[in-house]
Amino acid sequence: MRLGTRRSKLAMAQSGQVAEAVRRVTGRPVELVEITTHGDVDRSHLTQIGGTGVFVTALRDALVRGEVDFAVHSLKDLPTTQPEELVLAAVPEREDPRDVIVARDALKFTDLPRGARIGTGSPRRMAQLNAYARTHGLDIETVPIRGNVDTRIGFVHAGELDAVVLAAAGLNRIGRSDEVTDFLSVDTVLPAPGQGALAIECAADHADLVAALGELDDPFTRAAVTAERSLLAALEAGCSAPVGALADFPPLSAPLERGDPQADGQSVKEMRLRGVVGTTDGTCMVQLSTTGPVPRTHDGATALGRELASEMLAQGAAGLMGERAQ
């Protein structure tokens with residue numbers, strides 16, 4: 001079977017992990033097919049090149065043309081509108097969803113010097129870091145950057161930046177979690193909707209493949225990211241808008257904060273959804289949460305996201321987003 005993947009080191013690592021899981025489930029060999037996306041070749045900032053779908057469209061086109069049998073995406077890069085000819089066959093168990101700091105001299109976020117320059121390509125991260133700094137008397141400057149993990153961490157090693165913000169999941173998947181100097185609590189910075197989760201997509205009319213890939217689906221992760229993405233869609237925001245969202249399960253929250261998604265023996269009955277929208281300078285924020293029974297259906301998870309988005313819009317969230325999805 002042919003698995004379509006981006007060419008980056010991170011994409012190849014996570015696709016390789018999925019390929020191995022698919023081999024175990026199906027007993028069939030899996031070949032990685034490397035595909036270059038628009039987001040990989042255009043080094044402009046995401047808001048300038050469209051944001052939504054720039055890392056996904058080429059992979060989806062290859063699926064539709066039959067050049068690959070299935071594709072692996074970082075779920076946070078996936079547009080919220082699902083093409084009819086494709087299906088999200090599996091969302092495997094989520095990695096650590098938190099953001100992390102890689103700083104010079106092994107500094108933690110709150111120990112950075114006054115005027116510290118922190119690099120990130122994410123308006124969501126900028127908004128929340130600047131808001132936290134304002135309310136806690138920190139003096140930081142957020143600096144827009146692009147590039148792969150090596151490039152971003154290289155800015156710190158070269159002394160151009162004091163720190164960069166990255167996703168814990170990505171560093172874990174490429175075996176570089178030992179470079180993290182601080183984990184940002186989700187109470188400080190809510191992750192991007194779907195952060196830490198992978199999406200396995202294939203043609204909707206390949207019923208046997210859909211069923212086989214479905215063996216890798218984790219129902220709790222699926223419910224959580226469905227709610228998060230529903231909130232994003234209801235806000236009419238693209239994946240590069242300053243929106244953070246996280247659905248979690250209160251008994252699992254403490255282990256999640258330790259980077260361990262497993263909590264054996266815990267009874268999960270409720271799902272909590274938190275959302276935030278803010279201006280990138282951190283001066284205006286709308287942050288709300290809701291809790292309800294664990295959704296048993298796609299529609300139930302979607303409804304939870306829509307309800308919270310409606311409350312956020314009523315609080316003025318629409319006016320805080322620089323980019324609205326088309």
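These questions and answers walk through strands, helices, a pocket and single residues of a predicted model.

Q: How many disulfides does a search of the whole structure find?
A: A disulfide is a covalent bond between the sulfur atoms of two cysteines. The cut-off for such a pair of sulfur atoms is 2.5 Å. With that cut-off, the search of the whole structure ends at 0 disulfides.

Q: Is Cys202 buried or exposed?
A: Buried means under 20% relative accessible area. Cys202 has 0% relative accessibility, so Cys202 counts as buried.

Q: How many of the 9 residues of strand S12 are buried?
A: S12 covers residues 270-278. The strand is mostly covered. The buried count is 7 of 9.

Q: In which sense do strand S11 and S12 pair?
A: Strands of a sheet pair through backbone hydrogen bonds, either parallel or antiparallel. S11 spans residues 243-248 and joins S12 over 6 bridges. Gly244 stands opposite Val276 in S12. The sense of the S11 and S12 pairing is antiparallel.

Q: How many bridges join S12 to strand S13?
A: S13 holds residues 285-293, and the two strands run antiparallel. Gly275 stands opposite Leu288 in S13. Leu273 has Thr290 as its bridge partner in S13. The number of bridges joining S12 to S13 is 9.

Q: Which residue takes a positive phi in the hairpin of S12 and S13?
A: The hairpin has 6 residues between the strands. A phi near 80 degrees occurs there, at Gly282.

Q: Which are the edge strands of the open sheet of 5 strands?
A: The order is S7-S6-S8-S5-S9, with mixed pairing. An edge strand pairs on one side only. The edge strands are S7 (140-144) and S9 (182-183).

Q: What is the bridge partner of Ile118 in S8?
A: Strand S6 (residues 116-120) and strand S8 (residues 163-167) pair in the parallel sense. There are 2 bridges between S6 and S8. In S8, Ile118 has as its bridge partner Ala163.

Q: At about what angle does helix H4 run to S7?
A: H4 covers residues 123-135. H4 lies across S5 (99-103), S6, S7 and S8. Its angle to S7 is about 175 degrees.

Q: At about what angle does helix H5 run to S8?
A: H5 covers residues 149-157 and lies across S5 and S8. The angle between H5 and S8 is about 155 degrees.

Q: Is Val164 buried or exposed?
A: Val164 has its place in strand S8. Leaving aside neighbours within four places in sequence, its contacts include Val100, Ile101, Val102, Ile153 and Val156. Its relative accessibility is 0%, so Val164 counts as buried.

Q: What separation do the C-alpha atoms of Val164 and Gly154 have?
A: The two residues are 10 residues apart along the chain. Their C-alpha atoms are separated by 9.5 Å.

Q: Which element gives the largest share of the lining of the second largest pocket?
A: This pocket has a volume of about 380 Å³. It is lined by 15 residues, with Thr80, Thr226, Arg229, His298 and Thr302 nearest its centre. Helix H8 (219-234) and helix H10 (298-314) are the elements that give two or more residues. The largest share, 7 residues, comes from H8.

Definitions and conventions. Residues numbered from 1 in each chain as written. Predicted model: local features only at pLDDT ≥ 70, side-chain atom pairs only at ≥ 80, totals over all residues. Heavy atoms only, no water. Buried < 20%, exposed > 50% of the residue type's maximum accessible area, 1.4 Å probe, protein only. Helix = DSSP H or I, 4+ residues; strand = E, 2+ residues; numbered from the N terminus. Pairing = 2+ DSSP bridges. Contact = heavy atoms within 4.5 Å. Axes fitted to C-alpha atoms, helices over the stretch in contact; angles between N-to-C directions. 1 Å grid on protein atoms, 1.4 Å probe; cavity = no way out; pocket = protein on both sides within 12 Å on 5 of 7 lines; lining within 4 Å. Points joined across faces, edges and corners; volume = space filled by probe spheres on them.
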